[in-house]
Amino acid sequence: MYKDRGGGGGGGGGGPSKRVNYALEKHQLEKMSSTSRGLKDKEKDGGGFRGGSSGRMVSGNHRGSRAGGPGFGSGSGKNQLGSDEESETDSEESDVSGSDGDETSWISWFCNLRGNEFFCEVDDEYIQDDFNLCGLSSQVPYYEYALDLILDVESSHGDMFTEEQNELVESAAEMLYGLMHVRYILTSKGMAAMVLEKYKSCDFGRCPRVYCSGQPCLPVGQSDIPRSNIDGAYFGTTFPHLFLMTYGNLKPQKAAQNYVPRVFGFKLHKP
């Protein structure tokens, strides 16, 4: 009994000590947990600070990239604009040089003058053949100089002649070209040029008569001797007839109707 009670008392005395030990262990555990939490919080704060610093660095780099981006972009834009401007100036210079290099000949310039639409361009090979120009030297003053002007041959007569003499040479060149033209259009090449460039495009005009139905016209001269700058002699009295003989398919058909003059509906026997 005593032993049991003692054992029980010992057991009862051991109970409080266990409680004390348990309380101490719990307190230590709470301490450890609190210290560990504090360390974790510090690590979190430190991590956040690191994150903030890295965030600042990243944001700084981002700002730098953004700030540098437009700067570099603007610089590249300036370079691009500069290159575009240089390319434009180069293209303009090439256009100018091309326009300077592609000089129009005297023949093209003369045929494109207002009032000279009836003329076709005579080939240089035809002009350079002396046989085609036989007898023209006696009809045209300043023949050699006028021929050089037509063929765009550089000569020093411009420095030797006065302004009046240069004008005489130019008028002589126009006359010489007209006399060469009247011979050239009687050749196969000349007729083809007149057909393709002039006749089919109605450069010579259309017949004003009603029953001709807008038939294209051909130039004809009343004389073979030139009298003015643009004269029928530069087309001659032979060209239209030889032209229609050569190109019979272009010959116009005869009108089916004839115009009858009337007065108040009555025919006139002798108008």
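I looked for disulfides (a pair of cysteine sulfur atoms within 2.5 Å) and the structure holds 0. Cys207 is in none; its nearest cysteine sulfur belongs to Cys212 and is 3.4 Å away.

I noted what I was working with. This is a predicted model, where local features need pLDDT of at least 70, side-chain atom pairs count only at pLDDT 80 or more, and totals for chains, interfaces and linings use all residues. Residues are numbered from 1 along each chain as its sequence is written, and side-chain values use heavy atoms, with hydrogens and water left out.

**Exposure**

I checked Cys134 next. Its relative accessible area is 53%, so Cys134 is exposed. My scale: buried is under 20% relative accessible area, exposed is over 50%, and partly exposed is in between (1.4 Å probe, protein chains only).

**Helix 4**

I turned to helix 4, residues 143–150. Helices here are DSSP runs (H or I, at least four residues), numbered from the N terminus. Which residues of helix 4 are buried? I found Tyr143, Ala146, Leu147 and Ile150. They cover an arc of only 100° around the axis, so they sit on the same side of helix 4. The arc is taken from the directions from the helix axis to the C-beta atoms. An α-helix has 3.6 residues a turn, so residues three or four places apart point the same way.

I then asked what covers these buried residues. The cover includes helix 2 (106–111), helix 3 (124–128) and helix 6 (163–184); contact means heavy atoms within 4.5 Å. After helix 4 comes Asp152, with a positive phi near 60°.

**Aromatic pairs**

I counted ring pairs: the structure holds 16 aromatic pairs. Rings of Phe, Tyr and Trp (its six-membered ring) pair if their centres lie within 6.5 Å; planes under 30 degrees apart are stacked, over 60 edge-to-face, the rest tilted.

I looked up Tyr126 and Tyr184. Their pair is edge-to-face, 5.2 Å centre to centre with 65° between the planes. It links distant parts of the chain: Tyr126 is in helix 3, Tyr184 in helix 6, 58 residues apart. Both Tyr126 and Tyr184 are buried.

Tyr145 and Phe161 are also edge-to-face, at 5.0 Å centre to centre and 80° between the planes. Tyr145 lies in helix 4 and Phe161 in the loop between helix 5 (157–160) and helix 6, so the pair ties together parts 16 residues apart in sequence. I read Tyr145 as partly exposed, at 31% relative accessible area. Phe161 counts as buried, at 16% relative accessibility.

Last, I traced a cluster linked by ring pairs: Trp106, Trp109, Phe110, Phe118, Phe119, Tyr177, Phe204, Tyr234 and Phe235.

Methods:
Helix = DSSP H or I, 4+ residues; strand = E, 2+ residues; numbered from the N terminus.
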